[in-house]
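Here are my comments on the model, point by point. Please read them with the coordinates open.

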Amino acid sequence: MATRSGGLTLEINRALPAGPSRVFEVFTDRNELARWWGPEGFSAPSLEFDPRVGEGYRIEMQPPEGDAFYLTGEFRVVDPPTRLAYTFRWEDPDPDDVETVVDLSFRDLGESTEVVFTQGLFKTEARRALHRDGWTDGFNKLEALLSPRT
């Protein structure tokens, strides 16, 4: 995690066990995204998701208990298989939520791909921590999905 220019930014670096084209696909194909998106125990029952610059998206998130909620945004960069960037905002946001920008880059490491993830700027440390926990769970689920079956 990092703080930039007086603002709160979340940074995560992960090596995932697949090539960049496959990793990019699991971030941009709605069916693949639904398989791993969100914190542990959450599902994504519906996705309006067409990753093209200028297009919007909407993801329904269903927690293990309670009502579903939604996040929306707009794609800013779609450059397969090296980079993806989009805005991220909650519908009916918490008072401490602000629109953030998610930026992902994918670097070929041979049999794996380094994903460099940044999101920000956050208004509070508590909101950054909430996103850090959710993204960490999501990356863990994604790594399990991409890992070869033994």
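1. In which loop is threonine 124 found? The model is a predicted one. Threonine 124 is in the loop between strand S8 (113-122) and helix H3 (125-146).

2. What does threonine 124 touch, once its neighbours within four places in sequence are left aside? The contacts are Leu8 and Asp96. To check these, look for heavy atoms within 4.5 Å, which is the cut-off for a contact. Alanine 34 and threonine 124 are 90 residues apart along the chain. Their C-alpha atoms are separated by 28 Å.

3. Next, the order of elements. The protein has three helices and eight strands. Read from the N terminus, the order is β-β-α-α-β-β-β-β-β-β-α. Helix H3 covers residues 125-146, and strand S8 covers 113-122.

4. Now the pairing of S3 and S4. Strand S3 takes in residues 47-49, and strand S4 takes in residues 56-61. The two run antiparallel and are joined by three bridges. Phenylalanine 49 faces tyrosine 57 of S4, standing opposite that residue. The hairpin of S3 and S4 has six residues between the strands. In this hairpin, glycine 54 has a positive phi, near 90 degrees.

5. S4 also pairs with strand S5, residues 69-79. The sense is antiparallel here too, with six bridges. Isoleucine 59 stands opposite leucine 71, a residue of S5. S4 therefore pairs with both S3 and S5, given that at least two bridges make a pair.

6. Overall dimensions. How does the radius of gyration compare with that of a compact globule? For 150 residues the globule value would be near 15 Å, and the protein has 15 Å, so the two agree. Along the principal axes, the C-alpha atoms fill a box of roughly 45 × 35 × 30 Å.

7. Burial and contacts. Of the 150 residues, 44% count as buried. Take the contacts between residues at least 6 apart in sequence: 47% of these join residues at least 24 apart.

8. Surface and charge. The accessible surface is about 7,800 Å². Carbon and sulfur atoms account for 47% of that surface. How many side chains are positive, and how many negative? There are 17 positive and 27 negative ones. The centres of the two sets lie 2 Å apart.

Notes
Residues are numbered from 1 along each chain as its sequence is written. This is a predicted model: local features need pLDDT of at least 70, side-chain atom pairs count only at pLDDT 80 or more; totals for chains, interfaces and linings use all residues. Side-chain values use heavy atoms; hydrogens and water are left out. Helices (H or I, at least four residues) and strands (E, at least two) are DSSP runs, numbered from the N terminus. The radius of gyration is taken over C-alpha atoms; the globule rule is 2.2 Å times the number of residues to the power 0.38. Buried means under 20% relative accessible area, exposed over 50%, partly exposed in between (1.4 Å probe, protein chains only). Accessible areas come from the Shrake-Rupley method with a 1.4 Å probe; for residues, only the protein chains shown count as cover. Lys and Arg count as positive and Asp and Glu as negative; His and the chain ends are not counted. The place of a charge is taken as NZ of Lys, CZ of Arg, CG of Asp or CD of Glu.
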